[in-house]
6 protein chains.
Amino acid sequence: MILVVEDDQLIRTVVEETLDGGGFKPALAASGEEAVALLKHPDGKYRALVTDINLLGRIDGWEIAKQAREMDPAFPIIYMTGAAADQYASHGVPNSILLTKPFAAAQLVTALSNLLNESSPTT
Amino acid sequence: MILVVEDDQLIRTVVEETLDGGGFKPALAASGEEAVALLKHPDGKYRALVTDINLLGRIDGWEIAKQAREMDPAFPIIYMTGAAADQYASHGVPNSILLTKPFAAAQLVTALSNLLNESSPTT
Amino acid sequence: MILVVEDDQLIRTVVEETLDGGGFKPALAASGEEAVALLKHPDGKYRALVTDINLLGRIDGWEIAKQAREMDPAFPIIYMTGAAADQYASHGVPNSILLTKPFAAAQLVTALSNLLNESSPTT
Amino acid sequence: MILVVEDDQLIRTVVEETLDGGGFKPALAASGEEAVALLKHPDGKYRALVTDINLLGRIDGWEIAKQAREMDPAFPIIYMTGAAADQYASHGVPNSILLTKPFAAAQLVTALSNLLNESSPTT
Amino acid sequence: MILVVEDDQLIRTVVEETLDGGGFKPALAASGEEAVALLKHPDGKYRALVTDINLLGRIDGWEIAKQAREMDPAFPIIYMTGAAADQYASHGVPNSILLTKPFAAAQLVTALSNLLNESSPTT
Amino acid sequence: MILVVEDDQLIRTVVEETLDGGGFKPALAASGEEAVALLKHPDGKYRALVTDINLLGRIDGWEIAKQAREMDPAFPIIYMTGAAADQYASHGVPNSILLTKPFAAAQLVTALSNLLNESSPTT
């Protein structure tokens with residue numbers, strides 16, 4: 001399951017279909033609070049996080065990624081943003097990927113595949 | 001928009017459909033002269049160049065890439081060639097990718113996605 | 001032609017369809033013995049190996065990859081395994097990729113595209 | 001000038017001599033407050049930051065790096081730590097290097113050289 | 001401690017001095033049997049292996065590396081060889097480095113530094 | 001032998017001593033014409049090129065590198081320049097490194113070591 005956090009329903013659906021087309025199983029969250037609750041849930045089995053930066057509520061994408069990495073230091077992270085790309089160098093976590101909106105479907109699928117392939121014992 | 005330069009109409013259509021399938025918006029040029037004019041046009045908003053090497057006319061793919069890089073030193077470049085691959089080491093530009101024909105559709109889509117993802121502020 | 005070695009017919013068909021969807025031409029082998037015979041056949045023109053590790057017969061995926069590399073030191077290799085991933089660091093060949101089952105279709109297509117793109121004169 | 005932040009005088013001297021031996025010009029700070037003041041000083045011309053994590057005072061190495069990256073998103077960062085390495089995945093900035101103490105002199109010199117060479121227009 | 005395996009005493013001394021000059025602590029073994037015994041010794045605390053390929057005795061460098069990786073799948077490995085470089089693609093372990101003799105002192109120090117820096121939680 | 005091309009005698013001596021300190025054997029040329037003659041000489045056995053860009057005479061560093069790559073497509077190339085760095089993206093050859101003057105001795109030694117280590121059969 002790939003955890004997708006996006007408060008814009010239209011984009012959320014596009015991301016869901018894109019991941020589905022690549023053979024991934026997306027799980028959707030509409031806010032940072034919901035995303036963190038899902039990550040911390042004992043039944044959760046997420047392999048990667050794909051998150052928007054600016055979200056409704058108090059928890060933004062930078063914070064979700066930090067909490068995911070505190071639980072698993074190798075957790076694959078992809079940020080999607082239009083407005084907040086210039087904050088990546090100071091607010092992003094290491095070994096993550098930032099996609100600047102708008103991006104093509106293949107950019108997301110390739111970024112996610114590369115992170116998952118690298119997090120296997122290959123590298 | 002991804003600028004595609006290819007003088008063989010059949011291959012041009014295949015590349016167009018391949019990029020379209022990955023969610024990219026291809027813009028097509030049939031010659032080096034047309035490609036350079038499009039790159040220099042003030043309305044042009046191209047994110048990457050995908051170019052054949054041997055073209056009708058005086059401007060080949062090596063030259064188009066050089067002119068694109070003079071306008072933008074980080075411009076993503078993909079060369080496609082069968083016959084001219086051995087010239088890449090001396091005529092290619094740095095941080096570009098050469099695809100040797102014939103290549104699978106996924107090789108082009110992955111190469112382009114990787115270059116665009118790296119040219120984001122991630123790296 | 002991409003040589004696919006997998007003794008589970010269901011997975012073999014899924015891999016075949018995945019590669020086909022990326023524009024690759026898969027050739028299928030059901031055992032290590034068959035795979036090695038195909039690699040050594042003078043008419044064979046394989047560009048990469050995608051192999052399961054645990055196979056019926058005496059030749060496993062680690063051994064097929066070694067024989068492929070003895071014929072061509074730059075031959076692209078992808079291992080697919082669920083149970084044998086922890087042996088990769090000591091039994092895998094250099095510059096190969098291991099995919100841990102289950103993996104998404106896009107992970108295989110991206111891994112294969114990256115290996116083929118790197119084995120071109122680009123890098 | 002390479003800005004080195006370390007509150008242990010003995011280690012600070014070892015790092016200074018190591019950088020000097022590699023042909024770098026180290027500038028030394030004993031606290032996070034001093035480091036941030038130096039980075040913000042209009043006469044400052046620092047090319048990279050080499051910082052300990054746990055420092056006397058309120059500003060730790062994670063925070064110095066963030067402030068350096070807010071001023072320059074491509075600023076090369078090296079963290080040195082024994083105790084705080086497990087926080088790197090959630091508190092480090094992207095495209096930085098963490099050296100776990102104790103490390104050999106050559107590890108620091110090579111890490112710094114790699115970051116500076118990559119931040120040139122090469123990549 | 002860096003475990004160095006080399007049966008030629010002259011080269012062993014050169015490697016020892018080279019590592020020492022980079023701030024590494026070399027431990028020397030003259031045969032594969034001695035190297036494996038050192039790696040398996042409960043008091044041993046080795047951070048990396050630097051090994052010749054062709055050694056007196058039954059255990060060669062390829063085999064030492066495999067045994068080291070079976071104990072620790074992330075163990076940094078550097079092979080040094082003149083005659084056996086063409087076997088690397090089929091006999092080497094993944095994520096290792098092969099140095100072809102003769103090599104400059106800096107090549108060994110840089111290779112070792114890069115492997116140790118990558119095996120930290122940075123990547 | 002590492003071929004060093006630099007028309008400033010002072011810098012040439014510094015580069016010579018830097019390479020010598022890393023265990024490399026530098027061969028010096030003061031002009032592009034001399035460099036190309038050395039590269040083409042049948043007795044020449046050069047492993048890499050380290051070249052300034054702006055040189056007296058008609059042949060600049062960009063051109064020397066192209067001619068070296070036409071003879072050997074995998075030839076390791078390092079450019080050193082202060083004034084011409086912005087031309088690298090369009091005039092450099094692929095898989096080369098550009099060092100912006102002034103650089104530390106360790107940056108040159110590390111860049112050269114990395115290129116030589118990668119050009120071995122490791123990658």
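pLDDT is the predictor's confidence in each residue, on a scale from 0 to 100. The legends below concern a predicted model, in which chain A averages a pLDDT of 94 and 97% of the residues of chain A score at least 70. For the complex, the predictor gives an ipTM of 0.92 together with a pTM of 0.94.

**View 1. The sheet of chain A is an open sheet built from 5 strands.** Read across the sheet, the strands of chain A follow the order S2-S1-S3-S4-S5, and their pairing is parallel. At the edges stand strand S2 (26-29) and strand S5 (97-100) of chain A, each of which pairs on one side only. From one strand to the next, the twist averages 20°. Helix H1 (residues 9-21) of chain A packs on this sheet, where the helix touches strand S1 (2-5), S2 and S4 of chain A, and the direction of the helix makes about 165° with that of S2(A).

**View 2. Strand S4 (residues 77-81) of chain A lies beside S5(A), and the two pair in the parallel sense.** The pairing of S4(A) with S5(A) runs over 4 bridges. A residue to look for here is Tyr79(A), whose bridge partner in S5(A) is Leu98(A). Tyr79(A) also belongs to an aromatic cluster, which it forms with Trp62(A) and Tyr88(A).

**View 3. Tyr79(E) and Tyr88(E) form an aromatic pair in chain E.** Over all chains, the structure holds 18 aromatic pairs. One of them joins Tyr79(E) and Tyr88(E), whose arrangement is edge-to-face, with 5.8 Å from centre to centre and 70° between the planes. A pair of aromatic rings is described by just these two kinds of value, the distance of the centres and the angle of the planes. Both Tyr79(E) and Tyr88(E) are buried.

**View 4. The sheet of chain B is an open sheet of 5 strands with parallel pairing.** The order of the strands in chain B is S2-S1-S3-S4-S5. S2 and strand S5 (97-100) of chain B stand at the edges with a single partner strand each, so one side of each is left without a neighbour in the sheet. The twist in this sheet averages 20° from one strand to the next. Within the sheet, strand S3 (residues 48-52) and strand S4 (residues 77-81) of chain B run parallel and are joined by 4 bridges, and Val50(B) has Ile78(B) as its bridge partner in S4(B). Helix H3 (residues 61-71) of chain B packs on the sheet and touches strand S1 (2-5), S3, S4 and S5 of chain B, while its direction makes about 180° with that of S4(B).

**View 5. Ser31(B) sits in the loop between strand S2 (26-29) and helix H2 (32-40) of chain B.** Ser31(B) has a relative accessible area of 18%, and because buried means under 20%, this residue counts as buried. The side chain of Ser31(B) reaches the backbone nitrogen of Glu34(B) at 3.1 Å. When its neighbours within four places in sequence are left aside, Ser31(B) is in contact with Val5(B) and Leu56(B).

**View 6. Chain B and chain E are not joined by any contact.** The closest C-alpha atoms of chain B and chain E lie 13 Å apart. Chain A and chain F likewise have no contact joining them, and their closest C-alpha atoms lie 13 Å apart.

Key:
Residues are numbered from 1 along each chain as its sequence is written. Chains are lettered from A and ligands numbered from 1 in the order in which they are written. This is a predicted model: local features need pLDDT of at least 70, side-chain atom pairs count only at pLDDT 80 or more; totals for chains, interfaces and linings use all residues. Side-chain values use heavy atoms; hydrogens and water are left out. Rings of Phe, Tyr and Trp (its six-membered ring) pair if their centres lie within 6.5 Å; planes under 30 degrees apart count as stacked, over 60 as edge-to-face and the rest as tilted. Buried means under 20% relative accessible area, exposed over 50%, partly exposed in between (1.4 Å probe, protein chains only). Two strands pair if DSSP finds at least two bridges between them. Axes are lines fitted to C-alpha atoms, for helices over the stretch in contact, and angles run from 0 to 180 degrees between N-to-C directions. Contact means heavy atoms within 4.5 Å. A polar contact is a pair of N or O atoms within 3.5 Å; within protein, one must be able to donate a hydrogen and the other to accept it, and residues adjacent in sequence count only if both atoms are side-chain atoms.
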